[in-house]
Amino acid sequence: MLASGKPRHEQISNWIRERIDGGVYAPNDQLLSENQICEQFGVSRITVRRALQTLESEGLIFRRQGLGAFVADNRVSQDMVRLTSFVEDMQQAGLAATSVIVSHDTVPCPDAIAEKLNLSSGKKVVVLERLRLGNGEPIAFDRTWLPAFYGQLLEGSDLENETIYRVLEEDYEIEVLRGHYRLGAVNADRFLAEQLHVREGLALFLIERTSMTTHDKPVYFQRRYYRTDKVSYELELVRDGEKGKHNSMPLREFAPKFNQGS
């Protein structure tokens with residue numbers, strides 16, 4: 001079941017690491033017991049413990065006395081009350097952000113997207129698809145639709161290293177002032193699974209965002225699909241201290257946490 005050529009404890013640690021990276025194990029999931037790993041791979045308990053010690057030293061797992069080994073939840077908080085780009089989120093988390101352009105085309109605008117961008121159905125839009133990486137590991141996949149006017153401004157830009165925000169704001173003085181977010185979950189289809197290196201059908205965290213400039217004019221609509229083993233969100237609300245008031249609670253923090261365990 002394990003590949004030959006490497007010490008058995010390294011093969012076992014690599015097998016567990018691949019299952020964590022592939023989303024089979026989520027943060028805080030319990031791993032197989034030492035006895036189960038011994039039986040599954042036909043190795044001694046000493047070999048299994050060496051494999052687990054390697055993963056623990058890397059921060060990928062933690063162990064609890066009498067309970068076993070669990071997947072670590074080593075994720076770093078990000079401020080997302082502000083309107084930020086992927087690169088800014090990654091920099092704040094201490095991760096090196098890079099992108100791979102998967103496609104960059106001009107197409108007729110689908111009805112559902114036209115509504116988001118205040119365009120007529122069938123109007124030409126620019127569609128940009130990018131795989132987003134943190135420290136070289138796939139973290140998210142973006143699909144972004146821009147009205148033709150804004151899309152043409154991106155031509156010639158290094159969109160594998162530049163952000164749309166930076167190009168529009170610094171090169172053309174078009175400020176992105178506001179964003180409307182919708183959060184949800186979808187199952188990875190074959191295309192997304194291949195791009196993000198996860199199994200087909202795995203749950204992905206979906207953020208839909210419409211970014212706007214002055215006079216609430218839409219600049220782009222984006223769908224970002226996050227690997228759920230790489231990011232989670234924390235929400236902090238502040239309760240109004242005055243008795244008898246039933247106003248909605250102000251949002252103090254809405255923070256993504258990025259897994260740096262691999």
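The model is predicted: local features need pLDDT of at least 70, side-chain atom pairs count only at pLDDT 80 or more, and totals for chains, interfaces and linings use all residues. Residues are numbered from 1 along each chain as its sequence is written, and side-chain values use heavy atoms, without hydrogens and water.

Start with the helices. Helices (H or I, at least four residues) and strands (E, at least two) are DSSP runs, numbered from the N terminus. Helix α2 spans residues 34–41 and helix α3 residues 45–57. They pack at about 115 degrees, with axes 9 Å apart. Axes are lines fitted to C-alpha atoms, for helices over the stretch in contact; angles run from 0 to 180 degrees between N-to-C directions. The two helices are therefore roughly perpendicular (65 to 115 degrees). From α2, the contact (heavy atoms within 4.5 Å) uses E34, N35, I37 and C38. From α3 come R45, V48, R49 and L52.

Now turn to the sheet. It is open, with 6 strands in the order β4-β5-β6-β9-β8-β7, and the pairing is antiparallel. Two strands pair if DSSP finds at least two bridges between them. The edges are β4 (97–108) and β7 (178–187), each pairing on one side only. On average, neighbouring strands are turned by 15 degrees against each other, direction ignored.

β7 and β8 (residues 203–212) run antiparallel, joined by 10 bridges. R178 has M212 in β8 as its bridge partner.

Finally, find helix α7 (residues 164–172). Helix α7 lies across β5, β6, β8 and β9. Its angle to β9 (218–227) is about 155 degrees.

Definitions and conventions:
Parallel < 35°, antiparallel > 145°, perpendicular 65-115°, else oblique.
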